[in-house]
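Please examine the two chains shown below, beginning with the surface on which they meet.

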Amino acid sequence: MASIWTKIITLFRGAAHEAGTAVVDANALRILDQEVRDAQNALVRSRDDLAKIMAQRKISADKLGAKQAKQAEYGNYIREALSRDNRALAQEVANKLAAVEADIATDSKVIADYDASISKLQASARQAETVINRLKQQIDTVKATESVQRAQAALAANTAGTGAKLSTALDSLERIKQRQTERAAQLEVAEEMGKNQGEDADLHRRLEQAGIVPGASSGDSILARFEREQRPALSHESAPQLGQSVGATPDSVPKNG
Amino acid sequence: MNTPWTTHSLFDALKSDASADLGGIDLELVGGVEPTVSIVMREHGDLGLQLAVSGGEIFVSAPLCLASQVKNVAEFNEACLRLNPLNPLSNLGLQNVNGEDLYIVFGELSSRSPLDAVVEEIRVLADNTLQAAEAFADHLK
């Protein structure tokens with residue numbers, strides 16, 4: 001059974017000289033399938049043997065049982081004959097018992113041999129089952145590997161025409177580095193823009209302070225605005241008519257923003 | 001025990017189960033009789049993984065590098081063998097893809113694994129693959 005590894009390694013060695021190594025997986029599967037079949041045949045054989053030996057053991061055990069009954073029976077006869085002082089009869093039965101006991105010894109030995117064979121066969125059946133399970137597992141692995149390898153080959157074939165190599169972790173590392181560089185550049189640009197905006201804001205603030213550009217509303221500027229509104233209203237006795245507001249100074253119209 | 005996944009049922013579950021955190025993971029079912037799930041890891045530089053379920057096993061594989069990208073194959077192979085036992089949950093391997101040798105990082109888990117374990121495996125594999133590629137930088141062209 002240990003030869004399975006050797007067989008597969010031999011396959012790889014052979015494949016190094018061949019063009020296509022996909023052959024290896026196919027052959028590995030073939031070898032594994034063969035091993036499973038062999039192990040299953042061995043299992044069936046050892047179970048057959050086991051059944052036969054167990055049947056033989058049963059026959060021997062039945063015979064032994066009969067002889068042991070005989071042994072007990074003869075023992076009783078001897079005891080009975082001796083109690084009646086019939087020594088000659090006791091002697092005759094004792095001779096027969098001697099033969100029965102010799103048979104019992106032989107049969108017990110045979111049964112012990114059967115028991116040893118049975119436990120050996122049971123152990124080898126268990127081992128065969130383990131081997132079969134392990135081989136089936138290995139077949140699963142080879143099949144899964146093969147599927148994945150085929151998928152990778154298909155990917156490689158897609159890139160083959162483009163002159164690009166099959167994309168590996170090296171390309172991914174390169175991509176990550178590139179993305180990090182891009183991100184760093186974006187951050188730099190954002191930072192630069194932020195700084196510029198900061199500079200603009202500073203200039204704007206100083207322009208505001210100098211009164212060159214209008215600033216944000218303050219309490220003072222709002223009060224001034226209301227005061228300017230009040231002044232034209234005070235200069236007329238009656239409320240201005242709708243049309244008159246057209247001629248009003250721009251100051252009197254509340255500004256938005 | 002829960003029912004084992006097939007490639008199809010696992011793909012459907014990943015797509016429809018709201019509890020699966022698939023942020024940054026794009027999935028596509030590819031192929032017919034023996035389909036695979038093609039995965040693109042957006043947060044791992046678009047690293048492409050392949051996933052397939054067969055019987056008792058889920059197999060997820062990521063391409064590490066091509067043998068043609070390795071400076072000294074013997075030295076690189078030794079480095080891979082030495083790194084492999086230290087790599088949690090993932091293994092390093094070599095496969096032939098269309099006549100070209102491809103080093104892969106792969107993970108296997110039971111097809112009875114819960115959905116979040118599968119998602120975890122996918123993320124760990126992507127992390128490990130990029131970390132391996134970084135660790136092997138000196139060996140690569």
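**The interface and the chains behind it**

In this predicted model, 35 residues of chain B are in contact with 28 residues of chain A, where contact means heavy atoms within 4.5 Å. The model is predicted, so local features need pLDDT of at least 70 and side-chain atom pairs count only at pLDDT 80 or more, whereas totals for chains, interfaces and linings use all residues; side-chain values use heavy atoms, with hydrogens and water left out. Residues are numbered from 1 along each chain as its sequence is written, and chains are lettered from A and ligands numbered from 1 in the order in which they are written.

The size of an interface is often given as the accessible area lost when the parts come together. Between chain B and chain A the buried area is about 2,700 Å², and carbon and sulfur atoms give 59% of it; this area is what the two parts lose on being put together, found with a 1.4 Å probe and summed over both.

Two salt bridges are counted between chain B and chain A, a salt bridge being a side-chain nitrogen of Lys or Arg within 4 Å of a carboxyl oxygen of Asp or Glu. Arg179(A) forms a salt bridge with Asp46(B), and their closest N and O atoms are 2.7 Å apart.

Which elements of chain B give two or more residues to the side that touches chain A? They are strand 3 (47-54), strand 4 (57-66), strand 5 (91-97), strand 6 (100-110) and helix 3 (115-135); helices (H or I, at least four residues) and strands (E, at least two) are DSSP runs, numbered from the N terminus. Strand 4 of chain B provides the largest share of this side, eight residues.

Within chain B, helix 1 (residues 7-16) has Thr7(B), Leu10(B), Phe11(B), Ala13(B) and Leu14(B) buried, that is, under 20% relative accessible area with a 1.4 Å probe, protein chains only. These residues lie on the same side of helix 1 of chain B because they cover an arc of only 165 degrees around the axis, taken from the directions from the helix axis to the C-beta atoms. On the face turned away from the buried side, helix 1 of chain B carries Lys15(B) and Ser16(B), which are exposed (over 50%). The cover over the buried residues of helix 1 includes strand 1 (25-30), strand 2 (36-41), strand 3, strand 4 and helix 3 of chain B.

Chain A has five helices and zero strands. Of its 257 residues, 23% count as buried.
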